[in-house]
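Some labels in a structural description rest on cut-offs.

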Amino acid sequence: GFTGATLAERIASQLDKKVLVVDRRFHIGGNAYDEYDENGVLVHRYGPHIFHTSSKKVWDYLSRFTEWRPYYHRVRAVVEGKEIPLPFSLASLRKLFSERLADKLEEKLLAQFGYGSRVPILRLKEVQDEDLRFLADYVYRNVFEGYTLKQWGLRPEDLSPSVTGRVPILVSYDERYFQDPYQAMPREGYTVLFRRMLQHPNIRLLLGVDWREVEGEVRFDRLIFTGPIDEFFGYLHGPLPYRSLRFRFKHHPRPWFQEVGTVNYPNEHPFTRITEFKHLTGQAYLPHTAVVYEYPEAYEPGRNEPYYPVPREENEERLRLYQKEAEKLKTVLFAGRLGDYRYYNMDQAVARALKVFEEVARG
């Protein structure tokens with residue numbers, strides 16, 4: 001994935017060290033892996049990956065390995081039978097409520113928070129104004145609660161604010177899902193980007209191999225582990241919980257399936273969202289299309305993949321025990337979404353890898 005590929009590339013190219021990349025999957029790219037399906041649509045095998053960042057450092061680094069296709073991701077949610085823009089915004093108000101009520105709520109949001117503000121739903125639920133409390137309760141019930149229960153198996157208030165703050169109420173008419181200054185998709189896809197990152201002569205790939213199969217057989221100066229930190233220590237302090245996903249891909253013999261890249265279903269259906277890849281890849285010329293349905297599920301080791309660490313305080317306590325174990329190891333570093341047990345976006349994973357590289361470079 002992004003963490004391992006960034007570290008491998010930096011160590012190989014900047015320190016002139018030999019790097020062995022071991023991955024139990026049979027491909028590079030981690031969860032960002034993409035490939036052409038049998039109908040020529042470039043699909044993301046592990047769900048949609050939309051690149052966005054506010055970090056020029058990360059953008060400039062990845063730009064060495066890809067050209068970009070400008071892309072602003074747009075998401076809608078089906079609420080009471082209507083498709084509304086996400087994040088919930090002033091435009092969403094206009095889709096759901098009468099003009100008079102929408103005007104009143106907009107005026108109060110602007111007065112309380114200011115145009116362009118991003119307000120976490122749980123913060124909005126705490127305001128004193130009864131009209132804004134009505135809005136907060138409506139959005140919580142119809143947009144956040146059902147989706148969060150499906151995605152995490154938990155209510156929003158049982159999760160860390162780092163999760164509930166990821167999709168706030170947006171006090172503006174900006175219908176883009178992200179507002180970062182850098183938003184684009186790799187022109188030839190993520191797998192091509194990774195291939196370029198890993199093509200340095202100092203890098204060797206060992207795919208389709210679990211790290212435990214080569215443990216003790218490979219000599220190394222430093223080991224960087226990007227798998228689950230609890231797995232590395234043999235679940236010494238008990239397993240850390242993760243959420244997993246199941247994907248169902250479907251081909252449609254028509255040019256388009258939906259108007260935007262992703263449509264969320266917070267209240268109906270067992271799946272959380274449907275993504276149509278042609279919006280992401282720019283393959284508008286194809287006469288057919290492909291979509292993916294996402295079904296969140298509990299993680300069960302050996303049966304499915306750990307996708308998301310579950311950010312809760314009780315899990316942080318267990319993580320700290322594993323971090324203390326990690327501190328005892330002088331030649332092993334942990335990084336990435338699973339190694340750090342952190343819910344990183346792609347750009348955050350790259351930024352974290354660049355920081356770990358600085359540690360490695362210092363020796």
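Q: Where is Asp210 found?
A: Asp210 lies in the loop between strand 11 (203–207) and helix 9 (211–214). Helices (H or I, at least four residues) and strands (E, at least two) are DSSP runs, numbered from the N terminus. This is a predicted model, in which local features need pLDDT of at least 70 and side-chain atom pairs count only at pLDDT 80 or more, while totals for chains, interfaces and linings use all residues. Residues are numbered from 1 along each chain as its sequence is written, and side-chain values use heavy atoms, with hydrogens and water left out.

Q: Why does Asp210 count as buried?
A: Buried means under 20% relative accessible area, exposed over 50%, and partly exposed in between (1.4 Å probe, protein chains only). Asp210 has 13% relative accessibility, so it counts as buried.

Q: What makes the pair of side chains Asp210 and Arg24 a polar contact?
A: A polar contact is a pair of N or O atoms within 3.5 Å; within protein, one must be able to donate a hydrogen and the other to accept it, and residues adjacent in sequence count only if both atoms are side-chain atoms. The two side chains make such a contact at 3.3 Å. The side chain of Asp210 also reaches the backbone nitrogen of Arg212, at 2.9 Å.

Q: Which residues does Asp210 touch, not counting those up to four places away in sequence?
A: With that exclusion, Asp210 touches Val22 and Arg24, where contact means heavy atoms within 4.5 Å.

Q: How do you know that strand 4 and strand 10 pair?
A: Two strands pair if DSSP finds at least two bridges between them. Strand 4 and strand 10 (residues 182–186) have three bridges, in the antiparallel sense. Phe51 stands opposite Ala184 in strand 10. Strand 5 is likewise joined to strand 10 by three bridges, running antiparallel, and Trp68 stands opposite Pro186.

Q: What makes strand 4 and strand 5 edge strands?
A: The open sheet of three strands has the order 4-10-5. Strand 4 (51–53) and strand 5 (68–70) each pair on one side only.

Q: Why is strand 10 described as largely enclosed by the rest of the structure?
A: Four of its five residues are buried, so strand 10 is largely enclosed.

Q: What makes a set of residues a nonpolar core?
A: Such a core is a set of buried Ala, Val, Leu, Ile, Met, Phe, Trp, Tyr and Cys residues joined through side-chain atoms within 4.5 Å. The largest here has 101 residues, of which Phe2 and Leu62 touch the most other members. Helix 6 (residues 130–152) gives the most to this core, with nine residues.
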